[in-house]
Amino acid sequence: MVPRGSWGRTWLVVAVIVAALVVRYELFLRAHGYRPSVKDDEYAWSWERMRAADGSQRTVAWLGASRIMLAFAPEAFTQTLPDWKYVQLAIDGTTPIGSLLDLAADPDFRGVVIFDISELGFQREHWSEQDKHIATYRRRWREVGAMLERWLATNVQSRLALTATRTMYLTGIALRTGSWPAPPYLTTYADRTRFADYAIADVPRLRKSRVALVHEWVLTMRDPKAWLDDALALEPAIAAIEARGGRVVYVRMPTCDERWDAEEKMTPKAQFWDVLATRTRAVTVHFKDYPQLAKFPCPDTSHIDSKDGPEFTRAFLEILRARGVFDRR
Amino acid sequence: MQFNTYLFGCFFLVVLAVHHAPLPWTVRKIALLVFSYAFYAAWDPPFVLLLWGSTVVDWFVAKAMARSERKGRRKALLLISLGFNLSLLGYFKYAGFLARTFASIAGSVGFHWTPTDLGIVLPIGISFYTFMTISYVLDVYLRRAAPARSFLDYALYVTFFPHLVSGPIVRATELIPQFESPRRANADQFGWGLALLALGLFEKVVIADGILAPVVDKVYAPVLEHVTSTDAWAGTLAFAGQIFCDFAGYSTAAIGVSLCLGFALPDNFRFPYGAIGFSDFWRRWHITLSAWLRDYLYIPLGGNRHGPTRTHVNLMLTMLIGGLWHGASWTFVVWGGLHGLYLVGERVAKRLVQPTPVWETPFARAFLALLTFTLVCFAWVFFRATTFTQAFTIVRAMFGDGQGVAQVTSPLPLIPVFALVAAHMALHRTTLEAVVERTPWPTRAIVLSIFVVCLFLFPGIDRAFIYFQF
């Protein structure tokens, strides 16, 4: 049995009510500082990864984790290298060895790899951290529905703030505190670039959690010989990219205070990074060697504020330009 | 492709446009078939071949069966069809399970063997479409139905996208006749179909995924070694609500989508948490599977025609197999076994306790409904738990032996579960359609607006429907 009567009128009223409430809510969120933000996942990564396989030598693939995501400013890149294309392939909380090997094995990638890595990231135990994303990329034609869904979702999420908002959760906080919570400090854009506004973040809490993490580490120096062996195992991948006209840049991104102190205890720069720099084919850039990169504060000890991103990006690209990374094109 | 995706929204708009275009009926049916294959291929294109295989084999088997009068030949054809379909199901769904079980048995007698990971991916919806094609062949074999006259109609019956990946398990006699003459939804069908789609998505996205799943995931987290008694009950009650809203939500949306195209699919849920007794529960929960198991397993086993003991054995067998159908794990078998015991217990109790008017009073009926619901929840523990260790931890905690730190800190997420049970009990003797028919249109509009607005307020949670894995 189908319930009869007035369905046209019913749905017309529904459309009006829903449109009015959704628009009102979107405006309310915008007024409180909320911005559209895209959900980042392995399908979003795969879409960007496809852009990297364009056969162009003027493509710059940014590999790494959150540090380079927050420091990279796309507008500064476009101003500095107007004829070049950037592809953001960094993945939060991972070591990008898998992505480097994947790009090295892809004959359609001929560009420049910016490879953000900390010393510990070279250890083999971290090499598989991006495998899920790479597997998704390789299966992209098998998961065509999920890929299309991601594309559609990205288009919606990059336009509507409410799609990134956990309304019930926020309502619960608002009911308890009497005011609508501050917007999230992270915004992810359709091209996976990300902006961190530490001015609206709970910096003391973020800093505390980062420092607590450092306190969980065993702060003894790692074995430099074994570490170097692991790091140099990537040389064939770098050679493969260079053979197609590309370049690889190892970059050690800024960290500060307790974080940097702990990292120095485990992997002293002089005995790890500097040794690797003399042995690898890759161009190496350590932030400590460049005052123009080392001057930025890290609000949570591990990332620079995205407001410093344009200056950082310009300075970094100028260093690379001076070292000839963008020559031979 | 899931109903709660942007992709489905776009897909459905295109399907509606083509289906309601001024085109010949055969062209529109071919379009529906192509769209249905696209719907399936969106998950993993090569598995469409399996769907084709199942469709083609059973089409020819049923045709040959209908032409033959020789009993032996008909039986051989039936065995070919059953062998093919059950082999597909067996390989893709149960090969790993059988290997693990064998290894476990071998290990218990001192022979240690680690089964190779076969890396088999379970084709989505295979349990549903193989049961549909088996029912078609069995109906032809038992001469309950004639084979379909048109391959197109038959292929569309198997593949019709609203029911393809998670049911309802439709019989050929229910759907193929609807494909024989041109159909478009009238205004009432279209309006009600959209309402069902909105209700189904609301159940899935808002209640199941948005409110209840986080509670369930906390309590049933594999890393949790201890569970408090309150958490065990809260997590299990939340799962009772989640599994209903997830699966009934899918079925409701599927029925709605189909109705928007002018086709009626059978009901799959009828207020099951208001059931009084377990035979009543199974007439209300996953109705099309219960009916399938009754017609093609329980009755062929002898049903209730050979005395109480045989009836009880048949009930147990049916429910154990029903449990195994849900998933390749012994926990599902135990879940089915518990329901078998409940059904047997109910039959015994009905023989021992004479019906008196006192059992018809509202208080007694509410008591029986709550007792049924409680025992159903107890069985859900084995359905949800991923290991027996976890299941017994939860069960012990439910009976007072709880330990650890509370994971569920607020009772608020359970409000929808209590509301759901109350609604099911209140609507036990009616239907959703009857309720909506009596509801004035402005009230309908307000309720539907709430559903749709809530869908906007719970974005970004993209859990697959639970029954996709079956």
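A:Asp257 is partly exposed, with 16 other C-beta atoms within 10 Å. A:Asp257 is found in helix α12 (residues 257-266) of chain A. Helices (H or I, at least four residues) and strands (E, at least two) are DSSP runs, numbered from the N terminus. A:Asp257 has a positive phi of about 50°, although it isn't a glycine.

A word on the model itself: it is predicted, with local features needing pLDDT of at least 70 and side-chain atom pairs counting only at pLDDT 80 or more, while totals for chains, interfaces and linings use all residues. Residues are numbered from 1 along each chain as its sequence is written, and chains are lettered from A and ligands numbered from 1 in the order in which they are written.

Most residues other than glycine have a negative phi, and most peptide bonds are trans. A:Arg192, not a glycine either, has a positive phi of about 70°. This residue sits in the loop between β4 (186-188) and β5 (194-196) of chain A. A:Arg192 is buried, with 20 other C-beta atoms within 10 Å. B:Pro168 belongs to the loop between α7 (161-164) and α8 (172-179) of chain B.

Now for the sheet in chain A. Five strands make an open sheet in the order β2-β1-β3-β6-β7, with parallel pairing. Two strands count as paired if DSSP finds at least two bridges between them. β2 (85-88) and β7 of chain A stand at the edges with a single partner strand each, so one side of each has no neighbour in the sheet. Ignoring direction, neighbouring strands are turned by 20° against each other on average.

Walking through the sheet, strand β1 (residues 59-63) of chain A is joined to β3(A) by 4 bridges, and the two run parallel. A:Leu63 stands opposite A:Phe115 in β3(A). Strand β3 (residues 112-116) of chain A then pairs with β6(A) over 5 bridges, in the parallel sense. Here A:Val113 faces A:Val248 of β6(A) as its opposite number. On to the next pair: β6(A) and strand β7 (residues 283-286) of chain A share 4 bridges, again parallel. The bridge partner of A:Arg252 in β7(A) is A:His286.

Strand β6 (residues 247-252) of chain A is mostly covered, with 6 of its 6 residues buried. In a regular strand the side chains alternate between the two faces of the sheet. For β6(A), both faces are covered: A:Arg247, A:Val249 and A:Val251 lie on one side, A:Val248, A:Tyr250 and A:Arg252 on the other. Helix α2 (residues 42-52) of chain A is mostly covered too, with 8 of its 11 residues buried. Its buried residues include A:Tyr43, A:Trp45 and A:Arg49. Among the elements that cover the buried residues of α2(A) are β1, β2 and α5 (97-104) of chain A.

Nonpolar cores come next, meaning sets of buried Ala, Val, Leu, Ile, Met, Phe, Trp, Tyr and Cys residues joined through C-beta atoms within 7 Å. The largest has 134 residues, and those with the most contacts inside it are B:Tyr157, B:Ala198 and B:Leu212. α9(B) gives the largest share of this core, 20 residues. A second, separate core of 64 residues includes A:Ile68, A:Ile97, A:Val248 and A:Tyr250.

Finally, the two chains meet: 31 residues of chain B are in contact with 32 residues of chain A. Contact means that the C-beta atoms of two residues, placed from the backbone, lie within 7 Å. On the side of chain B that touches chain A, the elements giving two or more residues are α1 (6-19), α9 (187-219), α18 (432-438) and α19 (441-457) of chain B. The largest share, 9 residues, comes from α19(B). By class, this side of chain B has 20 nonpolar, 6 polar and 5 charged residues. In that tally Ala, Val, Leu, Ile, Met, Phe, Trp, Tyr, Cys and Pro count as nonpolar, Asp, Glu, Lys and Arg as charged, and the others, Gly among them, as polar.

How values were computed: Buried ≥ 20, exposed ≤ 12 C-beta atoms within 10 Å, placed from the backbone. Axes fitted to C-alpha atoms, helices over the stretch in contact; angles between N-to-C directions.
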